[in-house]
Amino acid sequence: MNGAACLIEILNRLGTSHIFGYPGGAIMPVYDALACLVKDHKMHHILCRHEQACAFSAQGYARAMGQVGVCMATSGPGATNLVTGIADAHLDSIPLLIITGQIETGLIGTDAFQAVDMLGITHGIVKHGFQVTDINHLVETVIEAYRLCTSGRPGPVLIDLPKDIQKASIDNFELAWQACSEDNPISQFTPTTAQLAQAVELLEQARSPVLMAGGGIKIANAESHCVEFLHTNNLPTVTTLNCMGLLPMHHPLNLGMLGMHGTAKANDAVQAADLIICIGARFDDRATGRVEQFAPKAEIIHVDIDAAELNKNVQSTLGIIAEADIFLAAINQWQKKCVKQYSNLVKQCANKQPVANDTLSNPPASNINKDQGPIYAADFLRQLNQHTDENSLISVDVGQHQMWVAQHFDFSSTKQFLSSSGLGSMGFGLPAAIGAQFAQPEKTLINITGDGSFMMNVQELATIKRYQLPIKIILFNNQHLGLVRQQQELFYAENYSEVELFDNPDFTALVRVFGFQSETINTPAESNPAISRLFQQPGPAFLEVKIPALENVWPMVPPGAPNSTRLTATKRQYDVS
Amino acid sequence: MFHEFEFNTPIQPDMAERILRIMRVRGFEVANLQVIRRSNCLEFRLQGETQRPITQLYGQLEKVYKLKLKSATEHKKSQLQCHS
């Protein structure tokens, strides 16, 4: 058995069923070894059309499956094309195993063909990077890398594999496998009883506490514990982008998303709170606004699995290093003895509008079902809600459409929403949908995208065609890089610079070339029937929704401003004509 | 402020590179760095200068694969100069 076959065999034994990759010179032995397993249906290889899409697809798989996603590319440009997807996984804590081919060890450092220092390039965006330079270390390295992806705070791990190591013989594979694959207990991070007692004491003293729920809750599968906790304490709850769907949109305790495009209710509650219980979030600037003025009256309980996140951006009164599910289960148990209801803020919130109507999305008046006039994204998404259920997974790209989906789509669970949140990578949505469709073939995958983002990985239509994936693509076309245009309008005196996309291709014709059903709609009355037709298609289908070029995402906290500062459509006297 | 760290890492050629990158990204300037190769590990002694609290670097260093932190000390600049 050579190193390449050894790698594939280990991945297979560790439970890898899908690899998203693209072959090339320095990884040919691995593809040679892979062919047999693929032929025997023991493993699936998904050939994307660009390495960046391999990384995003593997992420989509990992996000939808809750398991390690695996992507693979050759050395040099193949490896560098993975980099955006690796960084994306790093910022959203997605378990991703990256395998890159490398030139032979003897040639490293000679500037050989297709050679880059992948280990060095990725230092800042992986949990760890391994370069295997001795065949005798291969087995333990692959097992350790795989384990590292999911241990503690999940993230990407790189294995850079020189071609001579791929070809080298390994004689004692079974022995090495047995030695390395024995159960290696993963240490769990649990709160101490003193921490639980202090947390409960802070809760009891608080008059207006708010729960801030982050992606760590989703990663730890802690949703049910979290819902129990917030119900027990009647806690008004705000979520980050990575925890949308924790509560139904109209749940009285759900104040919605906080931050730059968060709801007024969420940002106001946080700014007025005297206690923030933040679980599995890292106080990213998009969530906090100007961090010095974030929740100025509040004591902070911060629970995170990563010790480095505590006191990094926001000083906490009580920092607890713990997995979200373990902390929440423990505090629920602890609190069964002492319950206090925090009804004041809940009553205040209940008197306000429901979350979905609170965002002041432009225009305030609905335009649904009109024969003329523009389609507003918010209206369209509310209609889309009527056609979807908990079996739908939504992958989005990055831009205005992403924020509209976060504001107006009524998610049934946190797992329903696939979004590049930390890095904000345009081009994420389509390949992520591909990966997620392989992970959850029974689900309906909907990629909601914009005209800017769609073109960033448009070549993946070929992947969808190749594997006949029934993905539904909805493209909001405003012929602009909308979120950049919006900021130029608001903060750069309408000095529009390189944001117009009036020369977009004919999207429906483009998609038809790949053999998909496709159509375009222009008026609100067309929306509902078009959505129905989209879902009636058994295979992949595409719907282009023409929206006003100058529609904005409201409300908006200006970059660098505190969350108490808020621009709304009415304040801007916005005119869509 | 000066911060002093002592830690051990596995013998890997990219370790110093990883450490220095973390220092730069987290806003610390290197004041002094000593690396000694022992039989089974690399031994680091590191001094960094910054206005940021020591935890900003401490927490990130602790995440480096198989890095074993032995000590982390915060000094005001004047204190360190007295020692030297």
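The questions below concern the two chains in turn, and the model is a predicted one.

Me: How many helices and strands does chain A have, and what is its radius of gyration?
Reply: The secondary structure of chain A comes to 25 helices and 18 strands. For 577 residues the globule rule gives 25 Å, and the value for chain A is close to this, so the chain is as compact as a globular protein of that length. The counts are thus 25 helices and 18 strands, and the radius of gyration is 24 Å.

Me: What percentage of the residues in chain A is buried?
Reply: A residue counts as buried when its relative accessible area is under 20%. Applied to the 577 residues of chain A, this gives a buried share of 59%.

Me: Among contacts in chain A between residues at least 6 apart in sequence, what share joins residues at least 24 apart?
Reply: The contacts considered here are those in chain A whose partners are at least 6 apart in sequence. The part of them that joins residues at least 24 apart is 77%.

Me: How are helix H10 and helix H15 of chain A oriented to each other?
Reply: Two packed helices are described by the angle between their axes and the distance between the axes. For H10(A), residues 193–205, and H15(A), residues 324–335, the axes are 10 Å apart and the angle is about 65 degrees. Angles from 65 to 115 degrees count as roughly perpendicular. The two helices H10(A) and H15(A) are therefore roughly perpendicular.

Me: Which residues of H15(A) meet H10(A), and how does the contact divide by class?
Reply: On the side of H10(A), the contact includes A:Thr193, A:Leu196 and A:Val200. These belong to a group that meets A:Phe327, A:Ala330, A:Ile331, A:Trp334 and A:Gln335 of H15(A). By class, the contact of H10(A) with H15(A) has nine nonpolar, two polar and no charged residues.

Me: What is the handedness of the crossing of H17(A) and H24(A)?
Reply: The axes of H17(A), residues 377–387, and H24(A), residues 524–536, come within 10 Å and cross at roughly 35 degrees. Among the residues that make this contact are A:Phe380 and A:Leu384 of H17(A), together with A:Ile531 and A:Phe535 of H24(A). The contact residues divide into five nonpolar, five polar and no charged. The crossing itself is right-handed.

Me: How many of the nine residues of helix H13 of chain A are buried?
Reply: Helix H13 comprises residues 264–272 and is mostly covered. Its buried residues include A:Ala264, A:Lys265 and A:Val270. The number of buried residues in H13(A) is seven.

Me: Where is A:Asn311, and what is its phi?
Reply: A:Asn311 is in the loop between strand S11 (299–304) and strand S12 (318–321) of chain A. With 24% relative accessibility, this residue counts as partly exposed. Although A:Asn311 is not a glycine, its phi is positive, at about 65 degrees.

Me: In what order do the elements of chain B run from the N terminus on?
Reply: Chain B has three helices and four strands. For its 84 residues a compact globule would have a radius of gyration near 12 Å, and chain B agrees with 12 Å. From the N terminus on, the order is β-α-β-β-α-β-α.

Me: Is B:Thr9 buried or exposed?
Reply: B:Thr9 lies in strand S1 of chain B, residues 2–9. Among the residues that it touches are B:Met15, B:Phe44 and B:Lys66. Its relative accessibility is 2%, so B:Thr9 counts as buried.

Me: What is the phi of B:Lys66?
Reply: B:Lys66 is found in the loop between helix H2 (55–61) and strand S4 (68–75) of chain B. The residue is other than glycine, yet its phi is positive, near 65 degrees.

How values were computed: Residues numbered from 1 in each chain as written. Chains lettered and ligands numbered in written order. Predicted model: local features only at pLDDT ≥ 70, side-chain atom pairs only at ≥ 80, totals over all residues. Heavy atoms only, no water. Axes fitted to C-alpha atoms, helices over the stretch in contact; angles between N-to-C directions. Parallel < 35°, antiparallel > 145°, perpendicular 65-115°, else oblique. Contact = heavy atoms within 4.5 Å. Nonpolar A, V, L, I, M, F, W, Y, C, P; charged D, E, K, R; others polar. Rg over C-alpha atoms; globule rule 2.2 N^0.38 Å. Buried < 20%, exposed > 50% of the residue type's maximum accessible area, 1.4 Å probe, protein only. Left-handed = near helix turned anticlockwise from the far one by under 90°. Lists of a residue's contacts leave out its neighbours within four places in sequence.
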